[in-house]
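Subject: Structure handover

Hi,

Here is the structure I said I would pass on to you. My notes on its pockets, cavities and aromatic contacts follow below it.

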Amino acid sequence: MTTASVRLPEHLIHPFAPAGRADPHPAYRWLRANDPVHYDAASRLWLVTSHADCATVLRDPCFSAAQGQRERARDDALPPSMLTTDPPDHHRLRAPGALLLGPAAVRPLAAGLAEDVDALLDRLPLDRPVDAVAEIGRPLATAVYARLFGLPDGELKRFEALARAASVNLDPMVPPARAALGRSAAGALTHYLDKHAATVEGAEVPLAALAADDRLSRAEMLGILNLAVIGGWQPLAESIGNALHLLLPDRAAVARLAGADEDLARLAVDELLRLEAPIPFTARVTTDRVELNGGVLPPGARVLAVLTAANRDPDVFADPDELRLDRSPNPHLGFGGGPHFCLAAPLVRQTSALLLPRLLRRHPALRGPAGAPDWDQCLVPRRLRALPIDLGGEL
């Protein structure tokens, strides 16, 4: 079949262009309505934007995650992991991975994470604006991984530096010089995790259970750890700034979340992720001809399931661009779907639902910055460079 591309109208900026990355939603909205299975000549990728078609891409075995690695505009391969393998290898790696990130592993961490959240909030200064990205999101993510990995306090700064440096590997289109730094950082992170995993112990530490599992080779175990950090630390850190950016202008929503019980808090977290998830798309390659509702894909098509577009599909979500804290059901794709549904989803929901109501209860007058949000130019993760917030006092 031909790959003649439908062009975006002139008034819309391409979502991958530097000027379009700050607000890609108008372009995705047009594509979803007018060309939901769109061949993008600039990137030579097929962009799938409707919810139904993205769900098919995530679930249908004709869309290969292993071959989706070819979508990356870089010559460095990610290590074999749950992210880059197809069944049956994916299932073989995912089962042990649940020892680190599954619900049974995460549930016992709740009390300790609540203590960590309270300690983080205790440290926030009241005499100046606080950067929600650097001073709340990143320390929160580091505290979570300290619980998962059994990291001592003296190692937290080193771990966070390694995690930040290695997270550049999330972006498939990072410039070559930064890609080289990312490869080096990922190697340093793997070396660090290898050394730490050899000594960690304790029934309360999920990493200890994973390291002791004999279903994995050492390299496979380290691949899971590397993925957990590169694919999890920064998205968790950035999700807090993204959430507060959406939430703070809506004072009724702020008041409601401040008084939320656990159930409403988790619904709110899902709604905030629906609107601005840190992982905006995922890559696949077709292994056969596939007919979607919005068009036909040839074999070997390099496909991006544009999750951020699917999450605002009016065929699935009423008032899709509006924040509704209690939206239910909320079948958003911010955690992916199908066999590759994010293993860390329970941890993200639990952690964010602990932090956000506590922060808002302590600081009910909290305000965000005026003016346009300062979105980073990277494609993945979708994140703010900074979000200076005024705590406005403390209760």
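What is the volume of the second largest pocket? The model is a predicted one, and in it this pocket comes to about 600 Å³. Its lining is made up of 23 residues, and those nearest the centre are Asp116, Ala143, Ala146, Asp153 and Leu156. Three helices, α6 (110–123), α7 (132–149) and α8 (156–166), each supply at least two lining residues. Of the elements, α7 gives the most, with six residues. Sorted by class, the lining of this pocket has twelve nonpolar, eight charged and three polar residues.

A probe the size of a water molecule, rolled over the atoms, shows where empty space is left. The count here is three cavities of 30 Å³ or more.

The largest cavity has a volume of about 140 Å³. It is lined by 15 residues, with Arg21, Pro24, Pro280, Leu379 and Arg382 closest to its centre. The lining of the largest cavity divides into nine nonpolar, five charged and one polar residues. Arg382 turns up again in a ring contact: its charged end sits over the ring of Trp375, 3.7 Å from the centre.

For the second largest cavity, the volume is about 80 Å³. Among the residues that line it are Ser239, Asn242, Leu272, Glu276 and Ser352. The elements giving two or more residues to this lining are α12 (233–247), α14 (262–275) and α16 (345–362), and α12 gives the most, with four. By class, the second largest cavity is lined by seven nonpolar, three polar and one charged residues.

On to the aromatic side chains. The whole structure holds six aromatic pairs. One of them joins Tyr145 and Phe149 edge-to-face, with 5.5 Å from centre to centre and 80 degrees between the planes. Both residues lie in helix α7, four residues apart, or about one turn of the helix. Are Tyr145 and Phe149 buried or exposed? Tyr145 is buried because its relative accessible area is 3%, under the 20% cut-off. Phe149 is buried too, at 0% relative accessibility. Together with Phe159, Tyr145 and Phe149 make up one aromatic cluster. Helix α7, then, holds this pair and also gives the most residues to the lining of the second largest pocket.

One further ring contact to look at: Arg274 lies over the face of Phe317, 5.0 Å from the ring centre.

Enjoy looking through it!

Best wishes

Key: Residues are numbered from 1 along each chain as its sequence is written. This is a predicted model: local features need pLDDT of at least 70, side-chain atom pairs count only at pLDDT 80 or more; totals for chains, interfaces and linings use all residues. Side-chain values use heavy atoms; hydrogens and water are left out. On a 1 Å grid over the protein atoms alone, a cavity is a set of points where a 1.4 Å probe fits but cannot get out, and a pocket is an open set with protein on both sides within 12 Å along at least five of seven lines; lining residues have an atom within 4 Å of a point. Grid points are joined across faces, edges and corners, and a volume is the space filled by probe spheres set on the points. Ala, Val, Leu, Ile, Met, Phe, Trp, Tyr, Cys and Pro count as nonpolar, Asp, Glu, Lys and Arg as charged, and the others, Gly among them, as polar. Rings of Phe, Tyr and Trp (its six-membered ring) pair if their centres lie within 6.5 Å; planes under 30 degrees apart count as stacked, over 60 as edge-to-face and the rest as tilted. Buried means under 20% relative accessible area, exposed over 50%, partly exposed in between (1.4 Å probe, protein chains only). A charge sits over a ring if NZ of Lys or CZ of Arg is within 6 Å of the ring centre and within 35 degrees of the ring normal.
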